[in-house]
Amino acid sequence: FNGTLAQTIRSTAASQTFYDVVIAKTAGTTLSVGGSTTALTVNNLTQTTGNFTAPATLTINGSLVLSAGTFAAGATINAAGDWTNNSGGFNAGTGTVTFFGLSSVYGSAITSFNNVTLSGALTGHPINMNVAGDWTNNGGGFNGGTGTVNFNNTAAPQNINGTAVTQTFNNIAVAKTAQTLSVRGSTTTLNVNNITLASGIF
């Protein structure tokens, strides 16, 4: 999609499927999903220029590469492959990103997620990942590597939860002003290298 004006993926169909989608639009213009289409499935999604507004449900069976522009998430993103953010333009909103395959978080920009759900294997960013919502591990594997997961919602409580009995992180940083980060769900054991409590309650 390389138009110089706004473009829309639309149909009377509730869902549409593509193989690879490349967004290479004029800076400041947006590709959106409209009509009756609320679910989009792609193999690989690459955003080199321009903006993208995702539908309510976006499933990426391969990899995401975000190099420029703004990526506005819908309610649900299902990601099977690698997540590379080189622009910092990911707007998580109130949505959830579910990693359900073999995935790693890469990129020169730090991704700020809202809710993160693991049902597959995820390797975290080697430096930082920001999480403003809940971290839910439903039996997936998380390799924290050398990175830190920052729980930084200063307006609402957050949870580390899920069906996983044991969860492991490299580093956790808590910067929540007067809000609380809790461990809930089936998780009764948390293994962490370093915990930094800058503000808030843990």
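Let's start with strand 5 (residues 39–42), where L40 and V42 form the covered face and A39 and T41 the uncovered one. Strands here are DSSP runs of E of at least two residues, numbered from the N terminus. This is a predicted model, in which local features need pLDDT of at least 70, side-chain atom pairs count only at pLDDT 80 or more, and totals for chains, interfaces and linings use all residues. Residues are numbered from 1 along each chain as its sequence is written, and side-chain values use heavy atoms, leaving out hydrogens and water.

**Strand 5 and its partners**
- In a regular strand, side chains alternate between the two faces of the sheet.
- Strand 2 (residues 15–17) runs parallel to strand 5, joined by three bridges; two strands count as paired if DSSP finds at least two bridges between them.
- Across from A39 in strand 5 stands S15.
- Four bridges link strand 5 with strand 8 (residues 57–60), again in the parallel sense.
- Here L40 sits opposite L58 of strand 8.

- Five strands make an open sheet with parallel pairing, in the order 1-4-7-10-13.
- Its edge strands are strand 1 (7–11) and strand 13 (90–91), each pairing on one side only.
- Strand 1 runs parallel to strand 4 (residues 30–35), with five bridges between them.
- G34 in strand 4 is the residue opposite R10.

**A look at S182**
- S182 belongs to strand 24 (residues 166–183).
- S182 counts as buried because its relative accessible area is 16%, the cut-off being under 20% (1.4 Å probe, protein chains only).
- Beyond its neighbours within four places in sequence, S182 is in contact with Q158, N159 and I160, where contact means heavy atoms within 4.5 Å.

Technical notes: Buried < 20%, exposed > 50% of the residue type's maximum accessible area, 1.4 Å probe, protein only.
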